[in-house]
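Colleague: I have some questions about this model. Shall we go through them one at a time?

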Amino acid sequence: GSGHSHPPSLLNPSPPPSPLRPAPPATPAMAWRLPPLAVLLLLVAAAVSPLSSAVRPVSDAHRSVAAELFAASPDDLETTYEAVRTFKILGVQRDKGLDGKACKLAAHTPSSSSSPAKDLFHAVKIAGVLGCGVDAGVYDDVASRLKAVIKDTNSLLEFYYSVGGLLSLKEQGHSVVLSDADSTFHAIKALSQSDGRWRYDTNSAESSTFAAGIALEALAGVVSLSDAEVDPSMIGVVKNDIVKLFGTIKSYDDGTFYFDEKYVDGSEYKGPITTSASVVRGVTSFANVVSGKLNIPGEKILGLAKFFLGIGLPGSAKDCFNQIESLSLLENNRIFVPLILSLPSKVLSLTSKDQLKVEVTTVFGSAAPPLRVNLVQVLGSDSKVITTDSKELQFDLDNNVHYLDITPLKIDVGKYSLVFEITLQDSEHETVYTTGGRNTEAVVVTGLIKVDKAEIGISENDAGSAESVEKLDLLKDTKVSLSANHLQKLRLSFQLSTPLGRTFKPHQVFLKLKHESKVEHLFVVPGSARQFKIVLDFLGLVEKFYYLSGTYDLELSVGDASMENSFLRALGQLDLDLPEAPEKAPRPPAQAVDPLAKFRPQKEIEHIFRVPEKRPPQEVSLAFTGLTLLPFIGFLIGLMRLGVNLKNFPSLPGPAAFASLFHAGIGAVLLLYVLFWVKLDLFTTLKYLSFLVVFLVFVGHRTLSHLSNTAAKQKTA
């Protein structure tokens, strides 16, 4: 991605693809399945992809990625050390609380008697990076334990962690001396192999490039801790081993060098980033403690720097640590300090008259010593030599950049390889810095492409005899309206030329016909000399068009990474009349359904309600309403004829109250009936009625009991 360049898989024993290698371009088969705009973007991206992974010095982008990768506070010592070490190199400010937690972790480890040498190594390293306050007595105990490990072990890793821990104690101001340095040096050297690799212990059958790196770092620590000079002959033997080790280094054609681990098994294999970082740590550490210069070619040191810079922005915390620490060691070493040539911009516009700008810095972007940069050769995309006239670039001291006007070079649009030669002005610097001699950088020169003599028409035969030919301006919105049948042909032609009047062949020239049913057909427009021309014989395309007659939208796409005025232009419409499809003719493919379509605004639903039925006149409605009152009037008349009276209504206060409540309850029931008719639903009415019934049963029973007792007393009297 993103952007981010990812290291090769650790599970692949074969040499990984270079981080600088471009992705494969789009194939013609892909072009037939993708929409033209997607193909345009894909091809332009493929053309520019070799430039996107350009080697550039460490920048703020690396700091941001490091802060992101180490954002979570690690709980293990190794990851904590890698985080604090990376942040210190990059100058990234950490939260003081996290530093306090790291110091607490580093202080707790030495106090545990069961802590192995590896944990003691990382704990002391953390304390050294952060300046944690550790009691001198604790360090005395750590030194004793690490010396005991050195005395009893035959494991390369145990030597590495023990010697490294003691050296870190010494660098923090603690008095540490390795009295038996010669025997320790010989014990580590005994694990070396004839090819410059090392074994992990005396029982290991296979040698390892990664182990060679940690062995050299351990030997450098032994030399630093020794209270006497280590046997010079043994130092010479190790120097020779380093030469053999660099004889196994792998490389790419662009001058990138890296070390890869020989595959042993899944648990021991290290990837090229980890392996190369181990060798860089070991070799630079050993070079810093021995006299004389290691016999390592400067271009290999520069190639290792290009390898680590070519990773770009790493995708894991481990790769980030290995990349940044390796580059920091290459930035200051006694072998050669690599100087990186880089281009701030690898796309140059003829229209804007851009200048060619070149920066020469260290891997961390520090200024280089006085030097000259010459453009000695320009190669075309086919490796054809464009010019061999050497031109020296001017130097802008304020911006620390070398520049050259490209107009006098008479180069046209396209992709070029520029060959630069760097020469140090001071001969004494040649033993300190390495420039790699000649450096090749790929650039893309862009410009406005002239589009003219564009025509579109319908013809009857191959000879031409066009019925209708229309001129087109492909750089503007021009629409045509054509009609044809299956016996006719569609012709489209136009010319493309560069700003210098040369033939221009873009990466993509496609003509698309899109039927009103959304079925699309894509055709590559072939070019010869300056002219691009396509003839669509509809008689031979009826099956490809699925015998679909109707309106087709015409669309032309022309695109290239060097073409500043690439376009995707709608040409107009074609009304095509094709014969009826036979019974066994191929059917159009089903069109893909957009999964997001259901979330988009839906079509408005239009509905007309039924016209209401005609109502009767108001007088008739009122008359029938009056008829509904007749039963009630009859009820009142019946009461009058029966002579209803209140003679039996109780006279005593208590029974009179119950009788009144009883009649009120009956009235409430009648009112509930009315409310049911005009407002309430059945369930609500039944709910209220249930309460009224219980009430009526109670008061009615009391009222009827009183009337019964009164009647019984009257009979007795």
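Modeller: Two strands count as paired if DSSP finds at least two bridges between them. Keep in mind that this is a predicted model.

Colleague: Which residue in β23 is the bridge partner of Gln-508?
Modeller: Strand β19 covers residues 508–515 and pairs with β23 in the antiparallel sense. Eight bridges join β19 and β23. In β23, the partner of Gln-508 is Gly-559.

Colleague: How many of the ten residues of strand β23 are buried?
Modeller: Buried means under 20% relative accessible area. Strand β23, residues 550–559, is mostly covered. The number of buried residues in β23 is seven.

Colleague: Why is one side of β4 and of β10 left without a neighbour in the sheet?
Modeller: The open sheet has four strands in the order β4-β6-β11-β10, with antiparallel pairing. β4 (340–342) and β10 (394–396) stand at the edges, so each has a single partner strand. On average, neighbouring strands of this sheet are turned by 30° against each other, direction ignored.

Colleague: Which residue in β6 stands opposite Ile-340?
Modeller: β4 and strand β6 (residues 355–361) run antiparallel. Three bridges join β4 to β6. Opposite Ile-340 stands Thr-361.

Colleague: What is the phi of Lys-353?
Modeller: Most residues other than glycine have a negative phi. Lys-353 is not a glycine, yet its phi is positive. Lys-353 lies in the loop between β5 (347–349) and β6, and it is exposed at 65% relative accessibility. Its phi is about 55°.

Colleague: Where is Lys-410 found?
Modeller: Lys-410 also has a positive phi, near 55°. Its relative accessibility is 57%, so it counts as exposed. Lys-410 sits in the loop between β11 (401–405) and β12 (414–424).

Colleague: Is Arg-145 buried or exposed?
Modeller: Arg-145 forms a salt bridge with Asp-141, at 3.2 Å from N to O. The two are four residues apart in helix α7 (residues 136–152), so about one helical turn separates them. Asp-141 is partly exposed at 37%. Arg-145, at 17% relative accessibility, counts as buried.

Colleague: How many residues apart are Glu-455 and Lys-471?
Modeller: Glu-455 and Lys-471 form a salt bridge, with the closest N and O atoms 2.5 Å apart. The pair links distant parts of the chain: Glu-455 is in strand β15 and Lys-471 in strand β16. Their separation is 16 residues.

Colleague: What is the area of the nonpolar surface patch that includes Ile-637?
Modeller: Helices α15 (618–627) and α16 (630–642) each supply at least two residues of the patch. Ile-637 is found in α16 and is partly exposed at 46%. Other members include Val-620 and Phe-624. The area is about 660 Å².

Colleague: How far apart are the end C-alpha atoms of residues 622–644?
Modeller: UniProt, in an unreviewed entry, places a "transmembrane region" at residues 622–644, among others. The span 622–644 is 83% helix and 0% strand. Its end C-alpha atoms lie apart by 32 Å.

Conventions:
Residues are numbered from 1 along each chain as its sequence is written. This is a predicted model: local features need pLDDT of at least 70, side-chain atom pairs count only at pLDDT 80 or more; totals for chains, interfaces and linings use all residues. Side-chain values use heavy atoms; hydrogens and water are left out. Patches are made of residues with over 30% relative accessible area and no salt bridge: like charges are joined within 9 Å, nonpolar side chains (Val, Leu, Ile, Met, Phe, Trp, Tyr) within 5 Å. Accessible areas come from the Shrake-Rupley method with a 1.4 Å probe; for residues, only the protein chains shown count as cover. A salt bridge is a side-chain nitrogen of Lys or Arg within 4 Å of a carboxyl oxygen of Asp or Glu. Buried means under 20% relative accessible area, exposed over 50%, partly exposed in between (1.4 Å probe, protein chains only). UniProt positions are given in the numbering used here, feature names are shortened, and annotations may be inferred rather than shown by experiment. Axes are lines fitted to C-alpha atoms, for helices over the stretch in contact, and angles run from 0 to 180 degrees between N-to-C directions.
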